[in-house]
Amino acid sequence: ISFTNAQTPSPADSLKEYTGKYKFPEGNPVTEINITIENGILTANSAMGGSELKRREGDVFDVLAYSGTATFKRNAESKIVKLQVQVNDLDMEGEKTEGIPLSGNFWRYRK
């Protein structure tokens with residue numbers, strides 16, 4: 001009889017899907033936010049500064065340094081495609097530009 005240990009994902013592994021670069025429309029105080037994992041902690045960095053993101057529930061995180069929230073939004077395939085940031089009276093939404101897997105058909109039909 002042999003036993004195999006089931007690999008349980010580490011907390012950092014479960015955060016990887018959120019990492020990447022998010023671009024925000026012109027006119028927002030921040031045009032780009034980079035989401036990374038530093039020492040197992042999900043972290044947001046922009047020209048305005050950085051903050052730890054602490055999971056509240058599901059895809060909603062508290063932006064600890066600014067007493068706000070970051071909500072990651074998914075597409076029909078459950079892939080993270082947008083980030084909504086709400087801090088004080090600021091409410092902005094950006095598109096994920098890095099880390100989105102493109103389907104093979106994307107290149108085939110592109111001219």
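Below is a working chat about a predicted model of one protein chain.

Colleague: What are the ground rules here?

Modeller: The model is predicted, so local features need pLDDT of at least 70 and side-chain atom pairs count only at pLDDT 80 or more, while totals for chains, interfaces and linings use all residues. Residues are numbered from 1 along each chain as its sequence is written, and side-chain values use heavy atoms, with hydrogens and water left out.

Colleague: How many helices and strands does the protein chain have?

Modeller: Two helices and eight strands. The pattern along the sequence is α-β-β-β-β-β-β-β-β-α. Helices (H or I, at least four residues) and strands (E, at least two) are DSSP runs, numbered from the N terminus.

Colleague: And what percentage of the residues count as buried?

Modeller: Of 111 residues, 27% are buried. Buried means under 20% relative accessible area, exposed over 50%, and partly exposed in between (1.4 Å probe, protein chains only). The chain exposes about 7700 Å², and carbon and sulfur atoms supply 50% of that. Those areas come from the Shrake-Rupley method with a 1.4 Å probe; for residues, only the protein chains shown count as cover.

Colleague: Which residues have the most contacts inside the largest nonpolar core?

Modeller: I33, I35, L42, L53, F72 and L83, in a core of 19 residues. Strands 2, 3, 5 (60-63), 6 (68-74) and 7 each give two or more residues to this core. Strand 7 gives the most, with four. A nonpolar core here is a set of buried Ala, Val, Leu, Ile, Met, Phe, Trp, Tyr and Cys residues joined through side-chain atoms within 4.5 Å.

Colleague: Take I33. What does I33 touch?

Modeller: Leaving out residues up to four places away in sequence, I33 touches G20, K21, Y22, F24, A44, N45, S46, L83, V85 and M92. Contact means heavy atoms within 4.5 Å.

Colleague: How do you define the pocket?

Colleague: How many lining residues are nonpolar, polar and charged?

Modeller: 14 nonpolar, six polar and one charged. Ala, Val, Leu, Ile, Met, Phe, Trp, Tyr, Cys and Pro count as nonpolar, Asp, Glu, Lys and Arg as charged, and the others, Gly among them, as polar.

Colleague: Now backbone. What is phi at S67 and at N88?

Modeller: S67 has a positive phi of about 50 degrees. Phi of N88 is near 50 degrees, also positive. Neither is a glycine. Most residues other than glycine have a negative phi.

Colleague: Where do S67 and N88 lie?

Modeller: S67 is in the loop between strand 5 and strand 6, and is exposed at 67% relative accessibility. N88 is in the loop between strand 7 and strand 8, exposed at 72%.

Colleague: And A65: buried or exposed?

Modeller: Exposed, at 53% relative accessibility. A65 lies in the loop between strand 5 and strand 6. A65 touches G50 and S51, again leaving out residues up to four places away in sequence. A65 and E52 are 13 residues apart in sequence and 7.0 Å apart, C-alpha to C-alpha.
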